[in-house]
Amino acid sequence: MFPKDLLRPSEADGDDDDDDEFSSGVSPRDNLVRPLVVVDRSVHDGGTWFQPTTFEDLLDLYRAYGGRGDGIKMVVGNTEVGIETKFKKLSYPRMVYPAESIDCLYEIFATDASLVVGGCASLSDLQAYCHDLMKIESGVGDFPPGGGDANMRRTAKPIHDMLRWFASTQIRNVACLGGNIVTASPISDMNPLLCCHGATIVLASRPRADGGIARRRVRVSDFFLGYRRVDRGETEVIERVEIPLVRSRFEYVSPFKQARRREDDISIVTSGMRIRLRPEDGDGGMRWTIEDVVIAYGGMAPMTQLATGAMEYMVGRTFGEETFVGARRRLLEEFDMPDDVPGGQAQYRMTLAASHSVVVASVYSLCAFPLFSCRLGSFLHKFYLHCVGELTKDVAAAASGSALPPVPTIPSDEYSIMGFVGAPKPSIRGVQSYPAPRIAVGLEAVHLGQHPETALAAVDGVGQPAKHVSGPLHVTGEAMYADDIPAPEDLLHGYLIMSTRCHAKLVSVDVAPAFLVPGVVGAFTHEDIIRLGGDNRMGPIFLDEVAFVPVGDKVDHVGQVLGIVVGISQDIAEKGARAVAVEYEDLKGKAVVSIEDAIEAKSFWADMVHEMQRGGNVTEMLQKTEVEGKKLVVVEGSMRSGGQEHFYLEPNTTLAVPSESATNLIIYASTQAVTKTQMFCASVTNTPAAKVVCRMKRMGGGFGGKETRSVFVSVAAAVAAKLTNRPVKLTLNRDTDMSITGGRHAFLSKYKAGAVVEEDGTVKLHALDVQIYNNGGCKFDLTGPVLDRSLFHVDNVYYWPHFHSIGIPCKTSQPPHTAFRGFGAPQGMVVSEHILDHLAVACGVSGDKFRRDNMYKPDQSTPFGIPLGGNSTGNWNVPDMWDQLYTKLDVPGRRAEAAEFNKKNKWTKRGVGFTPTKFGISFTSKFMNQGGALVHLYTDGTVLVSHGGTEMGQGLHTKVCQVAAQAFGIPLDHVYVNDTSSDKVANTLPTAASMSTDLYGMATLDACLQILKRIQPIRDSLPPDAALKDVAKKAFFDRVDLSAHGFFALDNDRCGYDWFKEKPKGYPEDLPENSWRGRAFNYFTQGVALSVVEIDVLTGDHKTLSTDLLVDVGSSINPAIDIGQIEGAFVQGMGWSTMEEVIYSDDDHTWIKPRAKTFTTGPGTYKIPAFNDVPENFNVSLLNSENPFAVHSSKAVGEPPFFLGCSVFFAIKDAVAAARGSDNGYFEFRLPATSERIRMMCGDEISSECIASDEKSSFQPKGSF
Ligand SMILES: Cc1cc2nc3c(=O)[nH]c(=O)nc-3n(C[C@H](O)[C@H](O)[C@H](O)COP(=O)(O)OP(=O)(O)OC[C@H]3O[C@@H](n4cnc5c(N)ncnc54)[C@H](O)[C@@H]3O)c2cc1C
């Protein structure tokens, strides 16, 4: 298998043929010193790994294989090759990892002329080395080996700074510089910087076995030939990169990077710029002449590109803004970015790099502005400001008496940060505070007759900040998830056969090719479900889904499941599934993708349109200009919010285990819906539900994504297990999971709203008319209930006397969208806050005062008929909480500070977001407000609880344990919660709506109290200090049942809302409007947040300087867990509203193919907040509160604080408004506030130039809604 010449003699079967370059003339000892290690391991279709330990051996391998068709692949950090093999399905038969003993590849050193970096040196090593070099000038530390001079620092700092933001520590630790260069990514961060430094690559090869090493030098700027094509011969490797040191005192280098997220993200646009200035005495006096300049960009062309036109223009000219403006004109000619450029964001990229889109460039000659008034691209402008700043310092530091030209001046408010690349990473601080722990009594007093006096002492019982019971397992990796269950004998792995199209008829599915893949054991489609006698239909509300799409039916979304292939490994199953031949027939017209498409095509679930009306006819009211002689201010507009990917750590997984000739099935699933999983696995496989058990130990996150969308995964595995009579495991890859499981619904709301100006200047909300559309995707799933919840929350905390809302669910070709933390409420509340902003601007009043003046007062009712406060919902705390924060945090002071800052800074703006929330708790469908628990007391005094709720990291089991521990008066570690299992607690509801502690805490307490009641006589018969185990033992011998099933159902009059119920005749007029429809919520969890942010106007980057949250979670059962939930929900809400952007192939993203495909299918394209995005000062307080309507006076916590994350969004909007300055009127600021949206909405002269003139007032960056 290996060429003889590449084997060590011992491995060459003793062949000492004279031609053998290694054995000939090489003593065995030499071979020991310089062994060529050959590791034969089957990888990538039987590929081979080589690990040469000398440079010559490496080059010989390249000589032997490099020129051959299938070549040889060097793998160093594997951060690129790994992606090529895993996602692009490339396979490399030969791979080589050069041993670290090959010094020239790994060493880094500095000479008097340059910084030399081995081709395989890790980026972390380079970063550390540059860090050391940076200390030289400041006199700290020793000179590194190789010497250095004062310009070392200027060379090293930009490299160091860029590397700090290159990927993550983990990636930098393994990834090498040569890998970054050879990959030739058009958005490489290092390549533009190396170009601007004038770096040279040294390529090495060994043309002859007995010859020396040949070296060729290529400038990095000449190395890139086209999209991912480089000037590297097939037998060449990068030996080293030589980066010339900055030579002049007046030479400046800057890296630039803008990404969706600061941490661990690839660039949207990246750049390296270097300029060398020379003082010159010219005709008009002394001036700074540009002696040399290099401007290199990534993200602006298919490869790293020099702006040669701009560079040529600048050389020899005077350093000043005019020259930079002229350079920008050249940039415009050089970079051509059509609207549908791959990667999108054309206007934004042009703004960052060059300012001006090609659309505008084509009408450039018609431009009303004289050219010299046009501004520089954002990066170029930053570079200019930076150089002026540095030059000013250098001139000031020059020896007195030295005659130097004057430095151009810039207005003081223009001094700007360099962007995040040069900025220090923040250290994050926070204070968590909560009232003194107590055992509060809530609903159980009424429901179960448990009173405070009966509370027993318990270690870590109710009210205590006990740690999550599985916390140690989570952090040590010992926690078992579905995929960790030891493989049963005969296990098969599954891979879904998925449609690659949508809006097409499924003509045929031929699974025969799958069986040509060795190891494939079965391939099943809809016909096999028929064979089983199963019911193919599925769906949580309507049975509008199918397990496997039948031939002849329409495929509704890209990635829809057509069947499953099973094989002896996941790889094999995947290969088999990909081999399945599927034929489609396109349907007429184009797929409906966005809400706008759906409105145009009238693609709605028309029967599920819900409406809410209170007060007068809002349409008529909003046509008026006065109300009772007072001025009525009416505004009209729209607001959009995007989707969100659940991004749980654990993708969907199911292990289906058949037994007894597959008449029984056990389904181990990562699901929030144990019963739904059991029932659909039963119906699709034609198995009685009683013979199907669904078990769930814990999920690695759910966030609503596993409430319904996990079921089709389990069903597919169950079908295959039933038909093969073998266990089948189906774990979705991250990209599959993200492509097909749907996510949060995108929303579009159109509104007309009016407010009345009272005589004293107070502005009072008057009437609201709002239409809310959500993008449900192709199946109903939970689209209706999600939309309902947005209708229930579009009032947020404000009283609208006249109110009309209508919710219209849209049907599109996206995957079915589903539950996600907040379940439509945040999408409703964000509209509410947006409308309040709009009205405040229109009325010219302070948003804070306007909000406070219009908050519900106790006893005022919501539009759906729930009076707030007292006997109805418990205390209405939002106004007080608002006032508390307003005073304590000095909100007016913070706003004044931000305004002062903004006055002094043109390119950096601060904003404040002060945002309240109320979140309704309980399912709006009555039947869902129930829960059961099974409790066993053992004779050693320990307690085992099984209940219907599922643990997804939220701490439900911990709280339930605390409730049981408290009931029995035992330490928390004497109580355990078992897997959630359909054979222990049957007919459960999905763990959702934040109310699982309300349901299962009460059900568990019910069971505990039943047992306690039974053992009370025994306890009474024993000494008062008898331990529980003694009581239990005696009870056992006395034949007392030590197990009990507990149950809780929320009172009939406190849950269930019927949208279509007409007002009954004779309904009491003093009851609130719409209360005849029932009761949407049991009570409200409440909160207020204050966030302060800073945005970089030139790039759209932002950071959250501080956040303070005050949340009313009643009397917390576990403050530690509740604060964790609040922080987590806040960050997730912040992610949704700022950086998480789900993109589909739609009219705005035509470069993604095919239409309707999800683009954001992995962490590379979809960014959730990273550690550095957490507010720098992050404080959370729990209100000292109570709640008579839930167990132990607690309140639900999982979802409610999510919306508080939007305080960051509104703070950003405030900062953007400051940047818009005199245009500081109303603007629709869509959510999420991505860097693109922030940048483009600032409406400054640079971004405005990138927008066609007829679009200026209405321009919106693209997005998928
Ligand atoms: C999560 C993640 C985040 C990332 N973030 C960034 C980022 O912020 N900015 C950015 O620019 N890139 C980023 N990347 C891309 C990647 O990290 C870099 O391109 C990296 O430098 C590649 O190095 P490697 O050692 O992993 O290369 P490998 O994957 O091992 O190899 C890549 C290619 O280079 C070749 N090669 C490697 N060394 C040599 C050599 N000495 N001579 C000849 N050929 C060689 C290999 O044969 C292969 O073709 C990211 C990647 C990941 C996975």
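Predicted model: local features only at pLDDT ≥ 70, side-chain atom pairs only at ≥ 80, totals over all residues.
**View 1. Residues around the ligand.** The ligand has 32 residues around it, of which M74, V76, G77, T79 and E80 come nearest.

**View 2. Domain 5 against domain 6.** The domain assignment describes domain 5 as residues 593-638 together with 745-854, and domain 6 as 860-922, 1075-1249 and 1259-1263. The C-alpha centres of these two domains, domain 5 and domain 6, are 17 Å apart, and 38 residues of domain 5 make contact with 51 residues of domain 6. About 3,600 Å² is buried between domain 5 and domain 6, with carbon and sulfur atoms giving 59% of that area. On the side of domain 5, the residues that lose the most area to domain 6 are R821, D848 and R852, which together account for 20% of what that side buries.

**View 3. Polar and charged pairs between domain 5 and domain 6.** Between domain 5 and domain 6 there are 5 salt bridges, and 21 residue pairs are in polar contact across this interface. The side of domain 5 that touches domain 6 draws at least two residues from each of strand 25 (610-614), strand 27 (630-641), helix 25 (783-793), helix 26 (825-843) and helix 27 (847-853). Helix 26 gives the most to this side, with 10 residues, and by class the side has 16 nonpolar, 11 polar and 11 charged residues. A salt bridge also joins R895 and D848, whose closest N and O atoms are 2.6 Å apart.

View 4. Most peptide bonds are trans, and most residues other than glycine have a negative phi. Here, however, K1153 and P1154 are joined by a cis peptide bond with omega about -5 degrees, and P1154 sits in the loop between helix 34 (1119-1138) and strand 43 (1177-1182). Another cis peptide bond joins L1231 and P1232, with omega about 15 degrees, and P1232 is in the loop between helix 35 (1206-1220) and helix 36 (1235-1241). D264, although not a glycine, has a positive phi of about 50 degrees, and its place is in the loop between strand 12 (251-259) and strand 13 (267-282).

Note on methods:
Residues numbered from 1 in each chain as written. Heavy atoms only, no water. Domains from an automatic or database assignment. Contact = heavy atoms within 4.5 Å. Buried area = accessible area lost by both parts, 1.4 Å probe. Salt bridge = Lys/Arg side-chain N within 4 Å of Asp/Glu carboxyl O. Polar contact = N/O pair within 3.5 Å; in protein donor to acceptor, adjacent residues only side chain to side chain. Helix = DSSP H or I, 4+ residues; strand = E, 2+ residues; numbered from the N terminus. Nonpolar A, V, L, I, M, F, W, Y, C, P; charged D, E, K, R; others polar. Near = heavy atom within 4 Å.
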